[in-house]
Amino acid sequence: MTTTRADITTAPASRTDLDLAEELLATYGRLRRALLAVKTDDITPTQSAVIGRLIRDGAQSTADLARAEGVRPQSMGATVAGLVEQGLAVRESDPEDGRRAVVRLTAAGHEARDGSRATRARLIAERLAGLPADDRTALERSLTVLGDLIDD
């Protein structure tokens, strides 16, 4: 079930937590597909997730990245190999354990992430520009609530 703007103002407050969770997941999926439709680079969603993790958490081993992303080490190895091949990441010796390799983002990796993020932000900003003030206020409040929900 997809909620329309009209449903928001007339929907009963009796939706269950499960109903809200399912609607949130469906909305997230629609947003993700809309953003993927405007992609202008060759970076896969998995590679993008790894780039984001490397930006947030710094250099990591392929095994650590696999655990964090919930994939098999072999799959992460292929993802990392793609990033290295594109010049977005490098493998280097772990400064704490020379027997181990870590993956580090290159300047090109940072630039790719910044460019991709800017493209997606512009798409959303264009859509936000057409929102009535009340909807924009509701969205701002929703983002606060979602942030609190995620940080718990």
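The cover of the buried residues of helix α5 includes α3 (45–57), α4 (62–69), β1 (89–93) and β2 (101–105), where contact means heavy atoms within 4.5 Å. The model is predicted, so that local features need pLDDT of at least 70 and side-chain atom pairs count only at pLDDT 80 or more, whereas totals for chains, interfaces and linings use all residues. Residues are numbered from 1 along each chain as its sequence is written, and side-chain values use heavy atoms, with hydrogens and water left out.

Helix α5 comprises 13 residues (73–85) and reaches 18 Å from its first C-alpha to its last, close to the 18 Å expected at 1.5 Å a residue. Helices are DSSP runs of H or I with at least four residues, and strands are E runs of at least two, numbered from the N terminus. Met-76, Thr-79, Val-80, Gly-82 and Leu-83 are the buried residues of α5, buried meaning under 20% relative accessible area and exposed over 50% (1.4 Å probe, protein chains only). The face turned away from the buried side of α5 carries the exposed residues Gln-74, Ala-78 and Glu-85. After α5 comes Gly-87, with a positive phi near 80°.

A nonpolar patch on the surface is formed by Leu-24, Val-145, Leu-149 and Ile-150, with about 380 Å² of accessible area together. Helix α7 (residues 133–151) gives the most to this patch, with three residues. Leu-149 lies in α7 and is exposed, at a relative accessible area of 54%.

Terms used
The expected span of a helix is 1.5 Å times one less than its number of residues. Patches are made of residues with over 30% relative accessible area and no salt bridge: like charges are joined within 9 Å, nonpolar side chains (Val, Leu, Ile, Met, Phe, Trp, Tyr) within 5 Å. Accessible areas come from the Shrake-Rupley method with a 1.4 Å probe; for residues, only the protein chains shown count as cover. A salt bridge is a side-chain nitrogen of Lys or Arg within 4 Å of a carboxyl oxygen of Asp or Glu.
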